[in-house]
Amino acid sequence: MNLNFNMPVHLITEHNCVANHAPLFKRMGSKAMLVTGGSSAKRSGALDDVISALNAQNIPYLIFDEVQQNPLISTCKKAGKMAMENGVDFLIGIGGGSPQDATKAIAVFAANDIPDEEIYSCNWENKALPFALVGTTAGTASELTHFSVLTIDRTGRKRSLGCQQTYAAYAFGDAKYTYTLPFSFTLSTTLDALSHAIECYYSTAANACSDLFAIEAVRVLLEVHRKLTGMTKAEEITDELRDALYEGSLLAGFALNHCGTCFCHTMSYFLSEDYDIPHGFACAVTLPDFIERAEQLLPQKAQALYAGAHTTKAELFGIIHKLNLTELPRLTAAEIDDVVSRWNNDIPNFVKTPGGFTTDDAKILLQKHYQ
């Protein structure tokens, strides 16, 4: 029996949870930095809610709103220096995956004056500042995990870190903050959540506990995905469907925190780095290949997924293809070789793929989809 599980984040899920639980911020510190991107925190209403909650608790704050998609280490370090110089003792990250991932790194830089890439050591002299996260998308589930995906300035490549200090103290899960998401962005983020659930389900790191979350995540997400395939604009997505998508994202996040992802995520990064393709769409490109491979290696487990999620492989493939709006780039043989050169056979996401996965396997998939 393997039911090992670690989830130190205090998750609060309800509408108006930020206002309802504002006194929790008093437990975190006396001065806050709010970390956001350019628009989602404001558009969703989450930023206003957090500011109102802090004002109600007489907690001063400052705002850092410079986090970009695929956050740079230098941006996180800049924010950390700002927090250090202004006496900030806790952070609140508001947004999708990028602001939340950045908040985890900023918490480290706010307590440690270290070189950029030392952030990946997870062995810092001073403990990272405590932080809370407020999600505004139904996809990354960064609220629940210790993973932080950052872009290295020196190379322009994405790399993740994660340790006990990069867990949030509190995660505020209010699905109403997802109601203003544009249609295409909604599809991309929900495909990211589906990728999390499926990759984790088949991961060699999976266990009975993570499987329960993964199967339920796929079931919940597919109930909404069936309806999304017939829609063309955000106005058609009801609040109830948005709530369900956020629920599915969080369920997948529990599995993700335990397992991490497999090759679909690693093979997606170059599309974001070089072609600005949204992360969820990029992950979904090779998700059917991953499912096909996993079914061949783990047929009984595959049937358990289809039965538990009330679906079939054919339906699953059809939904993934219909929801993925990506127009893929065409790559030359030399460009494919360049992409493959970024990886090695020891990448954790390759190692955790069922049956193992190599750069030769990756090259075959790149040729299939991009040549």
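This is a predicted model: local features need pLDDT of at least 70, side-chain atom pairs count only at pLDDT 80 or more; totals for chains, interfaces and linings use all residues.
Close-up 1. Leaving aside neighbours within four places in sequence, Phe263 is in contact with Glu199, Thr286, Asp289, Phe290, Arg293, Asn349, Phe350, Thr353, Phe357 and Leu365. Ile106, by contrast, lies 157 residues away from Phe263 along the chain, and the C-alpha atoms of the two are separated by 27 Å.

**Close-up 2. Helix α12 and the helices around it.** Helix α12 covers residues 287–297, and its buried residues are Leu287, Pro288, Asp289, Phe290, Ile291, Ala294 and Glu295.

**Close-up 3. The packing of α7 with α12.** The two helices pack at an angle of about 25°, with their axes 11 Å apart, and α7 is therefore roughly parallel to α12. In passing α12, helix α7 makes a left-handed crossing. On the α7 side Leu194, Ser195, Ile198, Glu199 and Tyr202 take part, and they meet Leu287, Phe290, Ile291 and Ala294 in α12. Sorted by class, the residues of this contact divide into 7 nonpolar, 1 polar and 1 charged.

**Close-up 4. The packing of α12 with α14.** Here the axes come within 10 Å and cross at roughly 165°, so that α12 is roughly antiparallel to α14. The crossing in which α12 passes α14 is right-handed. Leu287, Pro288, Ile291, Glu292 and Glu295 of α12 make the contact together with Lys313, Leu316, Phe317, Ile320 and His321 of α14. By class, this contact of α12 with α14 holds 6 nonpolar, 1 polar and 3 charged residues.

**Close-up 5. The packing of α7 with α8.** Helix α7 (residues 183–202) and helix α8 (residues 208–228) pack at an angle of about 150°, and their axes are 9 Å apart. This angle is over 145 degrees, the cut-off for the term, and α7 is therefore roughly antiparallel to α8. The crossing of α7 past α8 is left-handed. From α7 the contact draws on Phe183, Leu187, Thr190, Ala193, Leu194, Ala197, Ile198 and Tyr201, while α8 contributes Asp211, Ala214, Ile215, Ala217, Val218, Leu221, Leu222, His225 and Leu228. By class, there are 14 nonpolar, 2 polar and 1 charged residues in this contact.

**Close-up 6. The nonpolar cores.** The largest nonpolar core has 72 residues, and those with the most contacts inside it are Leu194, Ile198, Trp343 and Leu366. Helix α9 (residues 239–259) supplies the largest share of this core, 11 residues. Apart from residues up to four places away in sequence, Leu366 touches Met267, Phe270, Ile336, Val339, Val340, Trp343 and Gln371. A second, separate core consists of 34 residues, including Leu91, Ile119, Ala128 and Tyr167.

**Close-up 7. Asp239 in helix α9.** Asp239 has its place in helix α9 and is partly exposed, with a relative accessible area of 39%. Although Asp239 and Ala175 are 64 residues apart in sequence, they are 8.6 Å apart in space, C-alpha to C-alpha.

Key. Residues are numbered from 1 along each chain as its sequence is written. Side-chain values use heavy atoms; hydrogens and water are left out. Axes are lines fitted to C-alpha atoms, for helices over the stretch in contact, and angles run from 0 to 180 degrees between N-to-C directions. Helices (H or I, at least four residues) and strands (E, at least two) are DSSP runs, numbered from the N terminus. Angles under 35 degrees count as roughly parallel, over 145 as roughly antiparallel, 65 to 115 as roughly perpendicular and the rest as oblique. A crossing is left-handed if the near helix is turned anticlockwise from the far one by less than a right angle, and right-handed if clockwise. Contact means heavy atoms within 4.5 Å. Ala, Val, Leu, Ile, Met, Phe, Trp, Tyr, Cys and Pro count as nonpolar, Asp, Glu, Lys and Arg as charged, and the others, Gly among them, as polar. Buried means under 20% relative accessible area, exposed over 50%, partly exposed in between (1.4 Å probe, protein chains only). A nonpolar core is a set of buried Ala, Val, Leu, Ile, Met, Phe, Trp, Tyr and Cys residues joined through side-chain atoms within 4.5 Å.
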